[in-house]
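Student: I would like to go through this model with you. Could we begin with the pocket?

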Amino acid sequence: MSNPTRRAAIALTALASTASVSLAQAPPQTTARQPPAEIQSLIDSHIKAFNTQDNNLLFSVFGDTAIIIDGIAPYRWLNPNAPAKWMADVEIWRKGLGVITEHLTYEMGFWNVEGSSAYAVISGTLTITLKDQSIVRTGTLAYTLARRDGVWKIEAQAWGRTS
């Protein structure tokens, strides 16, 4: 009588050696180190608006259906007017903590564009300046973006702290 476990192992090995490479997830077809200029510009505008507290610029980078996830309560803002609701809560948080400035520096991480949809993740360092101290937090900011009527907008942003 043969060993069923050995038979299964031999069959599995044979199957694995003949399986098509196409079953594995292919890496994204991004060869450039930076995303397309329109995506990079949108992310740069988002960060600039946040750093300079330019709410007009900040609100302009978001699409009409934007969702925001952040590390302050209530942690999630939905439409209508999610960016404005988020910034109102950010202002309350800033005043409560005594924040003088916030500044986010970042490096582009992963990005992928498929048609009129895009996804990007940046790694960032957020420096929060209070009256008598600075707090440094690292994290990632994940974006979903969409091109509607030829214009790219941020559809979602989610900040995830790593420190």
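Tutor: Helix H2 (37–52), helix H4 (82–97), strand E3 (99–114), strand E4 (117–130), strand E5 (134–148) and strand E6 (151–161) each contribute at least two residues to the lining of the largest pocket. Helices (H or I, at least four residues) and strands (E, at least two) are DSSP runs, numbered from the N terminus. This is a predicted model, in which local features need pLDDT of at least 70 and side-chain atom pairs count only at pLDDT 80 or more, while totals for chains, interfaces and linings use all residues. Residues are numbered from 1 along each chain as its sequence is written, and side-chain values use heavy atoms, with hydrogens and water left out.

Student: Which element gives the largest share of the lining?

Tutor: H4 does, with four residues.

Student: How much space lies in that pocket, and which residues are closest to its centre?

Tutor: The space is about 410 Å³. Of the 20 lining residues, Asp 70, Trp 93, Glu 102, Leu 126 and Trp 159 are the closest to the centre. On a 1 Å grid over the protein atoms alone, a pocket is an open set of points where a 1.4 Å probe fits, with protein on both sides within 12 Å along at least five of seven lines; lining residues have an atom within 4 Å of a point.

Student: How do the lining residues divide by type?

Tutor: There are 13 nonpolar, three polar and four charged residues. Here Ala, Val, Leu, Ile, Met, Phe, Trp, Tyr, Cys and Pro count as nonpolar, Asp, Glu, Lys and Arg as charged, and the others, Gly among them, as polar.

Student: Changing topic, what is the strand order in the sheet?

Tutor: The open sheet of six strands runs E2-E1-E6-E5-E4-E3, with mixed pairing. Strand E2 (76–77) and E3 are at the edges with a single partner strand each, so one side of each has no neighbour in the sheet. Two strands pair if DSSP finds at least two bridges between them.

Student: How many bridges join E1 to E6?

Tutor: Four, and strand E1 (residues 62–69) runs parallel to E6. Ile 68 stands opposite Gln 157 in E6.

Student: Back to E3: is Asn 112 buried or exposed?

Tutor: Asn 112, which lies in strand E3, has a relative accessible area of 18% and is therefore buried; the cut-off is under 20%, with a 1.4 Å probe and protein chains only. Its side chain makes a polar contact with the side chain of Glu 114 at 3.1 Å, that is, a pair of N or O atoms within 3.5 Å, one able to donate a hydrogen and the other to accept it.

Definitions and conventions. Points joined across faces, edges and corners; volume = space filled by probe spheres on them. Buried < 20%, exposed > 50% of the residue type's maximum accessible area, 1.4 Å probe, protein only.
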